[in-house]
Amino acid sequence: MQQAIPSSLPHALPLRARLARNPLVRIIAGIACVAVPLVATMMLVQALVPKEMRIAWHHLLAAALCLAGYRFYVRRFEQRDAGESALQGAGPGLLRGLGIGAALGIVVAAVLAAAGALVVTGSSGWSAVLKPLSEQAMVAVMEELLFRAILFRIVEARWGTRTSLLVNVLLFALAHLPNEHITALAVLNTGIAGLALCAAWMLTRSLWLPVGMHFAWNYLYDGVLGIPVSGHAARGWLQVQMAGPEWLSGGAYGVEGSLVTLIAWGAAAALMLRRRLKGP
């Protein structure tokens, strides 16, 4: 006698349920839930709000909507609470991330200054420190949601940690290829930074440690030192002149194209991955 097919088999599930369990569908859905609110917010603000009124709040609103979009995705598709993005208890991880990111940035800047590749020539008004603050917060939240909370987490759950690390490093580096003044060393550095941010995620299984690292690094160079970040012109407090060979100074791309950055982020990635392998 032919046995009945249990209703719990995957092909017996409704199409919608099967799609929701597919990792590629989940990645696409997660990216859409994060990216669409950001793009829509920025487009509407630019179309409807005069430029003089776009001061910080629109970046913070876009970041909040990205976070809300991610939480909506997790509840709708994964049917669970998005504890990894919870604001409650986020403080310790965020502060640790800020400390690590700032320390990396200061070490790299100090080495470049000692080598004569970074020379402070002047300063702007203190208000220059505030200009990039909200934008860099938005960038850190958005990129960490996309690359760590969605891409890394879902790929790791389906294909394992090594595959997920490889995919994340490659895609994070490739995402920066359109940036101006990109170099081969800058691409490598970006990939290594992505590896360190994945390691930070793995240590806590939370969004806030990598967000803090990402934000602190970007803001230190953009808002304080006035050095280009990933090829984007800096708007910061200090006026800095970069000198020496491109492999040392990073050239027009900024310090993310420097060999010193590769060593610093590579060491951070190695230490955090080693700590993760050792366990708590």
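Visitor: Which residues of α2 meet which residues of α5?

Guide: This is a predicted model. On the α2 side the contacts come from P23, L24, R26, I27, G30, I31, V34, L38 and M42. On the α5 side they come from M138, M142, L145, L146, I150, L151, R153, I154, V155, R158 and W159. By class, the contact of α2 with α5 holds 16 nonpolar, 1 polar and 3 charged residues.

Visitor: How is the geometry of a helix pair read?

Guide: Two numbers describe packed helices: the angle between their axes and the distance between the axes. Here, helix α2 (residues 23–48) and helix α5 (residues 133–159) pack at about 170 degrees. Their axes lie 9 Å apart. Angles over 145 degrees count as roughly antiparallel, so α2 and α5 are roughly antiparallel to each other.

Visitor: What about the core?

Guide: In soluble globular proteins, nonpolar side chains tend to be buried together. In this model the largest nonpolar core has 73 residues. Y70, L145, Y221 and W265 have the most contacts inside it. Helix α5 gives the most to this core, with 14 residues.

Visitor: Which residues is Y70 in contact with, leaving aside neighbours within four places in sequence?

Guide: C33, V34, R80, A82, E84, S85, L145, A149, I150 and R153.

Visitor: Why does the end-to-end distance of α7 agree with its residue count?

Guide: Helix α7 (residues 184–204) has 21 residues; at 1.5 Å a residue, it should span 30 Å. Its end C-alpha atoms are 31 Å apart, which agrees.

Visitor: Is α7 mostly covered or mostly open?

Guide: Mostly covered: 15 of the 21 residues in α7 are buried. Just after α7, R205 takes a positive phi of about 50 degrees.

Notes. Residues numbered from 1 in each chain as written. Predicted model: local features only at pLDDT ≥ 70, side-chain atom pairs only at ≥ 80, totals over all residues. Heavy atoms only, no water. Helix = DSSP H or I, 4+ residues; strand = E, 2+ residues; numbered from the N terminus. Expected span 1.5 Å × (residues − 1). Buried < 20%, exposed > 50% of the residue type's maximum accessible area, 1.4 Å probe, protein only. Axes fitted to C-alpha atoms, helices over the stretch in contact; angles between N-to-C directions. Parallel < 35°, antiparallel > 145°, perpendicular 65-115°, else oblique. Contact = heavy atoms within 4.5 Å. Nonpolar A, V, L, I, M, F, W, Y, C, P; charged D, E, K, R; others polar. Core = buried A, V, L, I, M, F, W, Y, C linked by side-chain atoms within 4.5 Å.
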